[in-house]
Amino acid sequence: MSAPKASSPRSVLFACTLNAVRSPMAEGLFRALLGSKIYVDSAGLSTASLDGFAVSVMAEIGIDIRDHNTQGFDELDLSEFDLIIALSPEAVHMAQQLTRHDAVEIEYWPTEDPSAETTGSRDSRMEAYRAVRDQIKRGIEKRFAL
């Protein structure tokens, strides 16, 4: 993850592969930590239904993302964002390709997809989601000097 920047962006997009787990969690965490100081949204290369485990681990810390509407990159004008934080390799590559002619900063925060862990008990799966949630929270706190 990148070091904190001296100036804050006015708008941030969190991006991942499906906008169903990591980026909705990041958007929810960002809103909870920074309120409306900076505009935030999230998107994926494509979309899938919002992941129930993501909803559950966010609810554990008092953040409700149940109403999140998943969306793809093609539904947004990426040039309207000052900063795109990509959470998957596919998202960083797509963001770079789609904004190559725009003044958009892109950061890559490598983040495992906890939904890829398809085996194990509910408890072990929840632990994987919590680890990702907490990693993203630490990244936001560090990047935005909270």
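Modeller: Leu-78 is found in the loop between H2 and E3, where helices (H or I, at least four residues) and strands (E, at least two) are DSSP runs numbered from the N terminus. The model is predicted: local features need pLDDT of at least 70, side-chain atom pairs count only at pLDDT 80 or more, and totals for chains, interfaces and linings use all residues. Residues are numbered from 1 along each chain as its sequence is written, and side-chain values use heavy atoms, with hydrogens and water left out.

Leu-78 has a relative accessible area of 5% and is therefore buried (under 20% relative accessible area; exposed is over 50%, partly exposed in between, with a 1.4 Å probe and protein chains only). Not counting residues up to four places away in sequence, Leu-78 touches Leu-13, Phe-73, Ile-84, Leu-98, Thr-99 and Val-104, contact meaning heavy atoms within 4.5 Å. Leu-13 lies 65 residues from Leu-78 along the chain, yet their C-alpha atoms are separated by 8.3 Å.

The largest nonpolar core has 29 residues, and Phe-14, Phe-30, Ile-140 and Phe-144 have the most contacts inside it. Such a core is a set of buried Ala, Val, Leu, Ile, Met, Phe, Trp, Tyr and Cys residues joined through side-chain atoms within 4.5 Å. Two or more residues each come from strand E1 (11–16), H1, H2, strand E3 (83–86) and helix H4 (122–143). Apart from this core lies another, of 12 residues, among them Ala-15, Ala-43, Phe-73 and Ala-86.
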